[in-house]
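Please keep the viewer open beside the text.

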2 protein chains.
Amino acid sequence: MSPARSLVVGVLGGMGPDATVDFFAKLVAATHAERDQDHLRVLIDNDPTVPDRTAAIRGTGPSPAPRLAAMARGLIAQGAEVLVMPCNTAHAFADAIVAAAGDVPFLDLIETTVAATRTRLPDARAVGLLATDGTLDGRIYHDAYAAAGFEALAPAVDDQRRVMAAIYAVKRGHAGAEDAAALRDVAARLAAAGAEAVVAACTEVPLLLRDGDVVVAGRSVPVIASTDELVARTVVVATAGGRGG
Amino acid sequence: MSPARSLVVGVLGGMGPDATVDFFAKLVAATHAERDQDHLRVLIDNDPTVPDRTAAIRGTGPSPAPRLAAMARGLIAQGAEVLVMPCNTAHAFADAIVAAAGDVPFLDLIETTVAATRTRLPDARAVGLLATDGTLDGRIYHDAYAAAGFEALAPAVDDQRRVMAAIYAVKRGHAGAEDAAALRDVAARLAAAGAEAVVAACTEVPLLLRDGDVVVAGRSVPVIASTDELVARTVVVATAGGRGG
């Protein structure tokens, strides 16, 4: 219908559902449109039955890889031309998605977040991670940040327990002010330990912690939300990629 | 995995995208879950390129029926076991969806909203409609409410222009306090004309007008949101329908 058709976006979702809602809402809000017909077409497979990612990384549960590959194939069969997955922990299994996707590009959330960190904070040396146990155990962000010249700091053991409790409170739909306070508290300790920014490296975290929420010694510490960076990249790729298509 | 698997919900979305986000967010919130794996699986085709429904009903644009039928088939091919469409105006073309869906049930938004009105307000005789021109021109709600023993009141011509302006402000992502005020004002006039409840008969309306917002002569007039009623019915059908499956 339009001379500049955008790419159809396929979303591997449900990990967790609230994070998928947040990604979708931000994607719609980021798409300037004068009428429905100017928005992006988005296909979402919100499948909360994907096996637990942290358990799989720890070897205590089945791998989600076959299910993620099947989701990718299903979305492509329905017309998806670019794939995204708003779940950081599941990126430990990104190879299975890329293999299943063939020629359809998969916008990697980890690479996107690390690249955005470098762009936004060109002089920074260290960032703090608010992530699941699985993301930390799998060193998903540690290795990607190291390759980009950053040191990635993880919370101390007791603080990490509070981060996981907050993330699972969001997944249960029971998150409250005390969970947000716990994340602010852990983020402040990461900043005190040398982190020049805090990375919301789990897509549940931005539901509780936003840029501007972390203040240490009167100074605001940037919060880089992986969800928001993926939204921004998706809009650019889907719009630019579809020009003339 | 679970002894009581729920039905996979397929959503014909994008009409408009904000209304689809609102439906999805409310569906996730309505699904009590201790972990991701307890939520409903939801497949969404958010296709904002579906031809304009009001224009089609007025005979000034192409019919969306072929596109809606294709969306239904695509969602079913991907695994949908029950279909919903959070757009009231598009229900003028529900027959095409039902025909395409075959044995897969389609939960009709209009029937659901009228049934909920009867349940919530058993003694009411008249309701007021906040809806698109297409929904009013097609008499989608007028006829359904008449069959249930209600009189459905539409806004006066000038007021209806304000309703359409507010709906399109939401679709453009530019809705503000003045749009919400316009809807409250029109709703109050419908109540003054005899409406015992106001029906948010367009899925963009609940983004601006909520239950409790309409007060006439010190009395709160109920706002029945079609979106919320469809969410409630979807949860019941998807959960009950899947028991033992």
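This is a predicted model: local features need pLDDT of at least 70, side-chain atom pairs count only at pLDDT 80 or more; totals for chains, interfaces and linings use all residues.

1. Cis peptide bonds. Most residues other than glycine have a negative phi, and most peptide bonds are trans. In chain A, the bond joining A:M15 and A:G16 is cis, with omega at about -10 degrees. A:G16 sits in the loop that runs between β1 (9-13) and α1 (17-30) of chain A. In chain B, the peptide bond from B:M15 to B:G16 is cis, and omega is near -10 degrees. The loop holding B:G16 lies between β1 (9-13) and α1 (17-30) of chain B.

2. A:A217 belongs to the loop between β7 (215-216) and β8 (219-220) of chain A. Its relative accessible area is 85%, over the 50% cut-off, so A:A217 counts as exposed. For B:A217, phi is near 50 degrees, again a positive value in a residue other than glycine. B:A217 is placed in the loop between β7 (215-216) and β8 (219-220) of chain B. B:A217 counts as exposed because its relative accessibility is 83%, where the cut-off is over 50%.

3. Contact between the chains through α1. Two packed helices are described by the angle between their axes and the distance between the axes. For α1(A) and α1(B), the axes come within 10 Å and cross at roughly 165 degrees. Angles over 145 degrees count as roughly antiparallel, so α1(A) is roughly antiparallel to α1(B). The crossing of α1(A) past α1(B) is left-handed. On the α1(A) side the contact uses A:P17, A:D18, A:T20, A:V21, A:F24, A:A25 and A:V28, and on the α1(B) side B:P17, B:D18, B:T20, B:V21, B:F24, B:A25 and B:V28. By class, the residues of this contact of α1(A) with α1(B) are 10 nonpolar, two polar and two charged.

4. Helices α5 and α7 of chain A. How do the axes of α5 (residues 109-120) and α7 (residues 140-147) of chain A cross, and within what distance do they come? They come within 10 Å and cross at roughly 45 degrees. This angle makes α5(A) oblique to α7(A). The crossing of α5(A) past α7(A) is right-handed. From α5(A) the contact takes A:L109, A:I110, A:T113, A:V114 and A:T117, and from α7(A) it takes A:I140, A:Y141, A:A144 and A:Y145. Seven of the residues in the contact of α5(A) with α7(A) are nonpolar, two are polar and none is charged.

5. Helices α8 and α9 of chain A. The axes of α8 (residues 157-172) and α9 (residues 177-192) of chain A come within 9 Å, and they cross at roughly 145 degrees. α8(A) passes α9(A) in a left-handed crossing. The α8(A) residues in the contact are A:D159, A:R162, A:V163, A:A165, A:A166 and A:A169, and those of α9(A) are A:D179, A:A182, A:L183, A:D185, A:V186 and A:R189. The contact of α8(A) with α9(A) divides into seven nonpolar residues, no polar ones and five charged ones.

6. Aromatic rings. How many aromatic pairs does the structure hold over all chains? There are five. One of them is formed by B:Y145 and B:F150, an edge-to-face pair with 5.3 Å centre to centre and 80 degrees between the planes. Both B:Y145 and B:F150 are buried. In chain A, one aromatic cluster is made up of A:Y141, A:Y145 and A:F150. Two of its residues, A:Y141 and A:Y145, also take part in the contact between α5(A) and α7(A).

7. A buried alanine in chain B. B:A72 is part of helix α3 (residues 65-77) of chain B. Is B:A72 buried or exposed? With a relative accessible area of 0%, B:A72 is buried, the cut-off being under 20%. Leaving aside residues up to four places away in sequence, B:A72 touches B:L12, B:L83, B:I97 and B:A100. B:A72 and B:V104 are 32 residues apart in sequence, and their C-alpha atoms are 9.5 Å apart in space.

How values were computed. Residues are numbered from 1 along each chain as its sequence is written. Chains are lettered from A and ligands numbered from 1 in the order in which they are written. Side-chain values use heavy atoms; hydrogens and water are left out. Helices (H or I, at least four residues) and strands (E, at least two) are DSSP runs, numbered from the N terminus. Buried means under 20% relative accessible area, exposed over 50%, partly exposed in between (1.4 Å probe, protein chains only). Axes are lines fitted to C-alpha atoms, for helices over the stretch in contact, and angles run from 0 to 180 degrees between N-to-C directions. Angles under 35 degrees count as roughly parallel, over 145 as roughly antiparallel, 65 to 115 as roughly perpendicular and the rest as oblique. A crossing is left-handed if the near helix is turned anticlockwise from the far one by less than a right angle, and right-handed if clockwise. Contact means heavy atoms within 4.5 Å. Ala, Val, Leu, Ile, Met, Phe, Trp, Tyr, Cys and Pro count as nonpolar, Asp, Glu, Lys and Arg as charged, and the others, Gly among them, as polar. Rings of Phe, Tyr and Trp (its six-membered ring) pair if their centres lie within 6.5 Å; planes under 30 degrees apart count as stacked, over 60 as edge-to-face and the rest as tilted.
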